[in-house]
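Hi,

Here is the structure I said I would pass on. Have a look at it first, and then read my notes below.

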Amino acid sequence: MIVIENAKVLLATGIEETTVVVDGDIVASIGPVVTHNGARVIDAAGAWLGPGLVDLHVHLREPGQTWKEDLDTGAAAAAAGGFTALVAMPNTQPPTDTGARAAAARERAAEIDTVDVVTAGALTRGRAGAEMAELHAMYEAGTRVFTDDGDAVPGAGLLRQIMIELAGLPGAVVAEHAEERELTAAGHLNEGAMSALHGVAGLPSAAEDVIVARDLVLAADTGARLHIQHVSTAGAVALIRQARLSGLTVTAEVTPHHLMLDESALSELDPNLKMYPPLRTSSDRAAVSEALGEGIIDAVATDHAPHALAEKDVPFEEAPRGVIGLETAAALVCSALGDDQRKFFERLSMAPARIGGLDRHGVPPQPGSPANLVIFDPGRRWVPRSFASKAANSPFLGKEMVGKVLATIHDGRITYEDGL
């Protein structure tokens with residue numbers, strides 16, 4: 001039994017400073033406790049307590065690239081970051097594009113007891129963008145999020161066919177990587193002031209905007225549930241805003257690094273700042289931050305993309321794209337949203353759980369609810385010196401953070417704690 005006292009608890013009815021008792025894998029009670037009966041008692045004074053965080057977009061590199069990350073180290077990083085559920089991308093080697101591979105991924109994930117891991121399915125066979133993957137077979141194996149993340153489906157005709165198929169499957173989501181590769185094939189950072197300064201080919205914001213526009217039209221035409229991954233441009237925000245105002249069911253995510261950084265950070269072309277979509281302009285950053293606050297962008301997802309040190313220790317143009325984010329996300333999102341506990345848990349837990357169909361997660365604690373929880377101190381200052389992840393390709397390594405996960409509880413068991 002775990003008794004958590006004095007926390008500011010996010011309840012369905014509001015925020016209340018109270019006591020939460022966890023017994024087994026459920027929340028047993030909320031309110032004053034007369035006796036602890038030998039329970040583990042945590043004094044969480046000044047901290048927030050709410051549903052464990054949920055990440056809709058991580059790369060765990062298993063199978064095929066486990067020298068970068070694997071499910072065990074990714075799960076450890078997730079627990080350290082306050083996450084109790086992850087959606088792993090299917091761009092593994094081989095990709096998750098068949099029912100058999102989806103079932104195998106589910107069996108492997110069942111071996112992890114510190115976080116729930118579900119694997120998204122590819123939209124196209126081999127993620128090659130030429131023919132439909134085994135959508136129905138993967139759905140039968142439990143897959144609900146489908147994406148070719150790393151690539152947009154190039155052909156509108158094929159994507160429309162895919163959307164029609166998935167629109168008929170309850171809970172299925174088409175998650176699109178919004179990038180028109182004909183516009184970005186030679187690029188390494190945002191097309192703008194920094195690309196001109198360094199004489200490096202850039203990726204125009206139009207490459208994101210045209211795919212978002214196309215996909216919104218196709219979603220309206222087919223009735224598919226569309227989710228836009230890692231939104232980074234003001235133009236994409238405007239398109240999503242207009243679509244939602246017109247009644248279209250569309251959701252979107254933004255990464256912590258796009259909330260906190262813009263292209264001005266690339267004055268020295270640090271390879272740990274190379275990611276796709278690239279860091280955009282300050283006005284783009286302001287637009288996505290405002291959209292997250294409004295709820296036009298529903299969720300924060302880390303796009304945790306681990307790489308080995310040697311892979312990033314090369315000139316910027318040669319480095320792979322991607323940064324890690326599981327262990328710093330909570331602090332960065334807290335900084336971006338300010339002292340707003342409800343929005344913090346809505347964007348990092350409740351909305352991602354709804355989008356991903358993760359019913360046991362994203363639930364404010366109440367008697368009988370699953371004990372998937374996080375204790376977060378919004379005022380704790382700390383500096384990440386190392387990570388539980390195998391990788392360290394983070395632009396925030398060695399930088400002071402404000403806001404720290406104190407404990408993560410998954411299925412009633414403490415999977416991470418710091419200083420309690």
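Grid points are joined across faces, edges and corners, and a volume is the space filled by probe spheres set on the points.

Please keep in mind that this is a predicted model, where local features need pLDDT of at least 70 and side-chain atom pairs count only at pLDDT 80 or more, though totals for chains, interfaces and linings use all residues. Residues are numbered from 1 along each chain as its sequence is written, and side-chain values use heavy atoms, with hydrogens and water left out.

Now the pocket. The largest one has a volume of about 490 Å³. Its lining takes in 24 residues, and Arg-106, Val-117, Val-118, Gly-142 and Leu-358 lie nearest the centre. Helix H2 (99-109) and strand S8 (116-119) each give at least two residues to that lining. (Helices, H or I of at least four residues, and strands, E of at least two, are DSSP runs numbered from the N terminus.)

As for cavities, there are six of 30 Å³ or more. The largest cavity holds about 70 Å³ of space, and its lining includes His-177, Glu-179, His-230, Tyr-276 and Arg-280.

You'll find Arg-61 in the loop between strand S6 (53-58) and helix H1 (71-80). Arg-61 is buried without a salt bridge, and the nearest side chain of opposite charge, Glu-311, is 7.2 Å away. Buried means under 20% relative accessible area, exposed over 50%, and partly exposed in between (1.4 Å probe, protein chains only). A salt bridge puts a side-chain nitrogen of Lys or Arg within 4 Å of a carboxyl oxygen of Asp or Glu; Lys and Arg count as positive, Asp and Glu as negative, and His and the chain ends are not counted. The Arg-61 side chain does reach the backbone oxygen of Pro-306, at 3.0 Å.

Last, helix H12 (residues 329-337) is mostly covered, with seven of its nine residues buried. Among them are Leu-332, Val-333 and Cys-334. Just after H12, Gly-338 has a positive phi of about 80°.

Cheers

Definitions and conventions:
Polar contact = N/O pair within 3.5 Å; in protein donor to acceptor, adjacent residues only side chain to side chain. 1 Å grid on protein atoms, 1.4 Å probe; cavity = no way out; pocket = protein on both sides within 12 Å on 5 of 7 lines; lining within 4 Å.
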